[in-house]
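Here is a briefing on a two-chain model. Look at the sequence and structure first, then read the points by topic.

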Amino acid sequence: MRFTFNWLKRHLETDWDIYQIAKKLTTIGLEVDNFCDPKIMFRNFKLACIEHVEQHPNADRLKRCVVADSHGKKWRIICGASNVHEGLIGVLALPGAIIPSTGEVLSRSKIRGIESEGMLCSYDELSLPSDDANGIIDLGPNVSLSTSVGDALGFDGGILDVSITPNRGDCFSLKGIARDLAAAGAGKFIVSDDISSKSSFEFPLHINYEKSDACRRYAPVIAFRVIRGIKNDQSPDWLRSLFLAIGQNSVSSVVDLANLWLIDSGRPLHVYDLNKISGQLAIRFAKNKEKFFDIKGREYILHQDMLVAADEKNVLCLLGVMGGAKTACDENTTDILLESGLFDPIFISRTGTFLDITSDSRTRFERGIDRDSCISGLETITRAIIDVCGGTASNICIVGTHPNVDRSIRLTEEKLHRLSGYEIDWANAKKILLKLGLKEVSSSSEASTFLVPSWRSDLSIEEDLIEEILRITGYDNSPEEKFDAPINCNNTILQQENIIMAVKRLLASCGLSEVVSYSFIKSTYADAFKEKKKVIQLLNPISEDLSTMRPSLIPGLILAATRSLNYGQSCVELCESGNVFYDACLQETHIAGLRAGDFQDRSWIHNSRKINVFDAKSDLMTALGYFGLTEKEITIKQEAPSYYHPSRSGTVYLGKKKMGYFGELHPKINKLFAVSEVMACFELITENCDISPPVISYKDKVFPKINRDFSFIFDTSVAIGTILASIYRIDKKITKADVFDSFILEDGKKSIGITVTLDAIDRTLTEEEAQIISGKIIKFVEEAGGELRKK
Amino acid sequence: MSELDKLLASCLYEIASCNDLKKLDQIKNAVFGKNGKITEMLKELKGLSDVEKREIGAKINALKDTVSNRLNVKFVELEVALQEKKLASEFVDVTMPTPPHQGGTIHPLTKVMEEVGNIMDSYGFVLASGPDIESEYYNFTTLNMPDHHPARTMHDTFYTNMGADEHGRKLLRTHTSPVQTHAMLAHKPPFRFFAMGRVFRSDYDATHTPMFNQVECLMVDKEVSFANLKWFIADFLKKFFTAPNLSVRFRPSFFPFTEPSAEVDMNYEIKDGEMIFGSGDKWLEIGGAGMVHPNVLRYGNIDSDTYQGFAFGFGLERMASLKYGVPDLRNYFESNERWRSKFGFSYVAR
């Protein structure tokens, strides 16, 4: 809502200045986006008349002008505008002026070798809307040079731009804003007089109002009036300059006046050119696929639950939303039909959303207008039109009936104090409500019942009234009150989050940097990672790149990696935690990591090598280690989702529970993302990590352990991890089984050196016992396909 | 010169001129070994009288002590020299560039979530969670936004292809507020909850990303008041921004799920191009708050005549950006190496 300060003052008697008003508006919830005081804004600007124009000697397109102010003081100005001519009265910016569009301070400067002592401004430079893109401001010949720039441009005491929250339909009008300000102590609200125009002739049209429940709900009541014999010229100067200042386009007197009263009182009205209506006017629902052309000639295909005004041939108006081209008023219009209706917010919202039309009218109906303003609004606009355009009015024709929806709300002192948390003075609280237009209909010692005024459809419950009281009192005037934290609180989910956090820190300590990626990715990427699951797609994505919910964290990590690889990084190490999505379970929390390129940055200290599957496995084992899991507890199967390298990847199980995957990525993924480096990834399904770490017994006294090394020969296909896991099960005294050496023999078989630690924990193991266990290990391995290597 | 003196002189000479540990060992053997000179001399004592034994024996022992001391000193001397030589041969150029162990970084969002979580926990607020893919019912209806409520047009909602069920279409939650309803339905008041997580709105420019994170807070009890809300938010922000002098301003606003509703601003000033919170008279909006609308309580199965509560929601990226000076929202989700090394945090908790 953009309006001038003096216009506001027609509804508010106040001695406050624009600064005080702006501050108060924000305090009471009508946030001032910006405001300007023309005295400040136009310091170092003045009106000036161009007395002489001649060609700039060094530039074809520039002119040398001499301009003068009201005192006859002269300045030499260089100007490039096409509309420069002698006698033009425009706005002159002098050195020191701050140009609104750039925020820069104007100084004297030489333009093509000749000094310019100031600048003649365009609307653009003053950040004012205008159709004239190239020219400087031309105020016309009738402006007195002694007028202040603010007044000449219609700034009328200053401009305020206020954001209205969607609940405050009533404040989409100056009347509503003034009423709120008055309630907050900024002055006295000026109640406008009831006016009525005498009717000079009988309403000439037959209105056919569809007698259905749906129609009565959509448009409970509509009032019409005809005015004949008007002259629909360009609007008078005061109206045009006002519209200029508030950024509203001027069309013609009648249309401008309707828009003026829309802003003034929040009452939308529609004006039809009466002579363009053929036959009767019907208020009916649109036929399916019926066409409608709005005032700008855009075509809309209507739907049968949209209410329209139509004549025998065409749809003339999309009621409450948008007027039509067929009956638009123009300079030849002499007779008009005025329509002032009450339309249901939900229907209007549906129609507007479906057709994607936003309009001042829709905005107001959607948020709720003053239910009682059909007739009074019509009377006010009638008076204004006759004053400006002449003509005579018919009587008012009303179809439908005014709904009786008076609402009263009971407010108790107890609730007011309990919700606000302090003892607001009860009498003052009631006074605020009365100033906002509520009426006290009954009261007792601890409660009062208030009747809600017709313009406040947003007030319906006790809490609404409490908000009004707190808002007008000022939130900053209500106190703060401390409360204590309970001694115990069982923050289970926070603890889980902290575990994920700890795992990420652990991974970061191994070099992986955390990234956060979008939850949605390109559908081709999602397809490559969905396996047999069904991915979830967005119906209205912001772009194809962000259209499908990620079924895995890996694609996001690859995208992050490419940004680093493309930047020239040779070693990329990343991790992320977050949800993945697919149809069957909606969402699952994963932690994933990716390494690509070199293992660690190239350095003389270590031999450089590329990332491989074991780096990913090591990362996964590090993460699992946080949960107390080692290779002793888990099972690793040589299988993984299809985006992993088929023979360089694995799946980790704890019993039957799948814990995660690791491996090098399949070359098809490299191709899809155009990455040449080998990428090794892991995914940990954190939901399955709800395991308590094992309790490790601790004995202060240490007994010597016995180490035994074995050298076995296996076929390459034998899974050593499985052999090691089984070795643990041979005897409890086996506390560690690990591989210390691994190489491929000439015959293609692999030689694996296994070291086993034996520890009885509570005593020294005897050589005989160790010998027995060693025998069991050799027997087991041989049964599992291994062969003890002969020295 | 007696034989003993001769022996002493020759031993000391040999020890002094020796510069090799092996040779020194040989010298030691030649004197003290099985057939060593001193050993021999001691053997010869047998044949002497007691008086002579005592006299010569004492002399031999003195000789023995002297030689042995000299030997020990020489041994240490030679060992040290040998080690020094060995160490000298192990020379490396310690000026060679040596990278520190490479640790990864923690994302600023994670860091801020952890900070917020710790503060909330200290006030006794319990973390609650909800799904990223919500239904219209939980995202809108239970939050007092019925069909065609104008507030629904405030959100540009992403809808999914998952069809609809009794709770309406499936969508990406536009705020963390649905967690309020889930938490209320699962627990009996009084309670204190907070939620953190991703939310989605169809918007993309320098100040909007289609995904961002929120922290949501809900406290319900019989007497939880607007005054409590004001204190809590101020105290929370003071702790989060470590700005004990922070001023917090409440401005009336509108949210369908709270009544009364407020927007929360905090004061700041700009000093040397940096934002300082808690001083100055400029105001910066940080989030929305209010008393839970009775309809929302009812959807959460809570008796709104007995219970009331407050709720607020802040943007986590905004909080992170303000606290740690992270520019351009988009970088949070499209980070590169340089951004991470500038705005990432060490994995060591600080």
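Two residues are in contact if their C-beta atoms, placed from the backbone, lie within 7 Å. By that rule, A:V254 touches A:I230, A:N232, A:V271, A:C329, A:T333, A:I336, A:I385 and A:C389, leaving out residues up to four places away in sequence. The model is predicted: local features need pLDDT of at least 70, side-chain atom pairs count only at pLDDT 80 or more, and totals for chains, interfaces and linings use all residues. Residues are numbered from 1 along each chain as its sequence is written, and chains are lettered from A in the order in which they are written.

**Cores**
- A nonpolar core is a set of buried Ala, Val, Leu, Ile, Met, Phe, Trp, Tyr and Cys residues joined through C-beta atoms within 7 Å.
- A residue is buried if 20 or more other C-beta atoms lie within 10 Å of its own.
- The largest nonpolar core has 277 residues, and A:V254 and A:I336 are among those with the most contacts inside it.
- Helix α8 (residues 253-265) of chain A gives the largest share of this core, 8 residues.

**Interface**
- In chain B, 69 residues are in contact with 79 residues of chain A.

**Chain B**
- The domain assignment, automatic or from a database, gives domain 1 (3-89) and domain 2 (105-346).
- The C-alpha centres of these two domains of chain B lie 88 Å apart.
- The C-alpha atoms of chain B fill a box of roughly 130 × 50 × 45 Å along the principal axes.
- Of the 350 residues of chain B, 42% count as buried.

Terms used
A residue is buried if 20 or more other C-beta atoms lie within 10 Å of its own, exposed if 12 or fewer, and partly exposed in between; C-beta atoms are placed from the backbone. Helices (H or I, at least four residues) and strands (E, at least two) are DSSP runs, numbered from the N terminus.
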